[in-house]
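User: I would like to go through a protein model with you. Could we begin with its charged side chains?

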Amino acid sequence: MDSVQDFGSTRTHPTITIPLNTTTTITTTSPSSSFPAATTTSPSTLSRYENQKRRDWNTFGQYLRNHRPPLSLSRCSGAHVLEFLRYLDQFGKTKVHTQLCPFFGHPNPPAPCPCPLRQAWGSLDALIGRLRAAFEEHGGKPENNPFGARAVRLYLREVRDSQAKARGISYEKKKRKRPPQQHNPASLMPPQALPESTTSASSHDQ
């Protein structure tokens with residue numbers, strides 16, 4: 001498996017900054033490559049999701065180009081996607097407590113701690129969803145989609161569970177309680193007897 005380059009080393013290539021999401025910025029180098037470019041549609045005509053998906057796709061393309069040797073998309077596997085996700089942790093802003101930290105499992109720590117910052121599980125899960133869609137939009141076959149690999153799904157589940165324990169946050173969806181049905185009081189009342197005037201009138205008619 002190809003090794004990932006040391007992104008902290010000094011390079012002579014110009015650097016460019018690409019926002020990965022609304023809270024994360026990733027800086028990589030930009031050597032030339034034939035990685036498929038995103039659509040050239042004007043950003044003003046695209047939705048926020050489409051714009052973010054295009055930026056994520058370009059960011060992943062740059063990551064592949066920075067492999068030594070460069071890695072083509074056709075050779076990309078789920079293992080390379082996992083390397084990419086772990087690489088992104090250095091840009092994370094979510095505090096994930098270690099088991100030795102006194103704030104482990106505390107949802108609102110009362111003081112700062114030296115625990116590392118990581119990418120939040122929700123951000124990674126949304127990122128993989130966008131890249132999975134972009135891969136197929138650029139001609140990739142669903143059965144060869146590295147972003148849908150089993151190893152990637154298991155990794156995301158592991159990150160979710162570990163962050164839930166470390167931060168004391170439950171990611172389980174709460175079932176919505178149905179409001180109690182309100183009965184119409186009028187429907188529960190017995191039928192009223194006819195007035196005597198009506199009864200007497202009907203007897204006179206006979």
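This is a predicted model: local features need pLDDT of at least 70, side-chain atom pairs count only at pLDDT 80 or more; totals for chains, interfaces and linings use all residues.

User: Which residue does Asp-161 meet in a salt bridge?

Analyst: The side chain of Asp-161 meets that of Arg-160, at 3.3 Å from N to O. Arg-160 has a relative accessible area of 26%, so this residue is also classed as partly exposed.

User: Why would such side chains pair up?

Analyst: Side chains of opposite charge can pair when their charged atoms come close.

User: How many salt bridges are there?

Analyst: The count comes to 4 salt bridges. Among them is the one between Glu-50 and Lys-53, with an N to O distance of 3.1 Å.

User: Where do Glu-50 and Lys-53 lie in relation to each other?

Analyst: Both belong to helix H1 (residues 48-65). They are 3 residues apart there, so about one helical turn separates them.

User: And Lys-53, is that buried or exposed?

Analyst: Lys-53 counts as buried, because its relative accessibility is 3% and the cut-off for buried is under 20%. Glu-50, at 30%, counts as partly exposed.

User: What else does Lys-53 meet in a salt bridge?

Analyst: The side chain of Lys-53 also meets that of Glu-137, at 2.5 Å from N to O. This pair links distant parts of the chain, since Glu-137 is in helix H3 (residues 121-137) and Lys-53 is in helix H1, 84 residues apart. Glu-137 has a relative accessible area of 52% and is therefore exposed.

User: Changing topic: which residues form the positive surface patch?

Analyst: The patch is formed by Arg-132, Arg-150, Arg-153 and Arg-157. Helix H4 (residues 150-167) supplies the largest share, 3 residues.

User: What about Arg-157?

Analyst: Arg-157 is located in helix H4. Its relative accessibility is 47%, which means that Arg-157 counts as partly exposed.

User: Now the whole chain. How many helices and strands does the protein chain have?

Analyst: The protein chain has 6 helices and 4 strands. Along the sequence, their pattern is β-β-α-α-β-β-α-α-α-α.

User: What percentage of the residues is buried?

Analyst: The protein chain has 206 residues, and 34% of them count as buried. The accessible surface of the chain comes to about 13800 Å², with 53% belonging to carbon and sulfur atoms.

User: And the contacts?

Analyst: Among contacts in the protein chain with a separation of 6 or more, 64% are between residues 24 or more positions apart.

Technical notes. Residues are numbered from 1 along each chain as its sequence is written. Side-chain values use heavy atoms; hydrogens and water are left out. Patches are made of residues with over 30% relative accessible area and no salt bridge: like charges are joined within 9 Å, nonpolar side chains (Val, Leu, Ile, Met, Phe, Trp, Tyr) within 5 Å. Accessible areas come from the Shrake-Rupley method with a 1.4 Å probe; for residues, only the protein chains shown count as cover. Lys and Arg count as positive and Asp and Glu as negative; His and the chain ends are not counted. The place of a charge is taken as NZ of Lys, CZ of Arg, CG of Asp or CD of Glu. Helices (H or I, at least four residues) and strands (E, at least two) are DSSP runs, numbered from the N terminus. Buried means under 20% relative accessible area, exposed over 50%, partly exposed in between (1.4 Å probe, protein chains only). Contact means heavy atoms within 4.5 Å.
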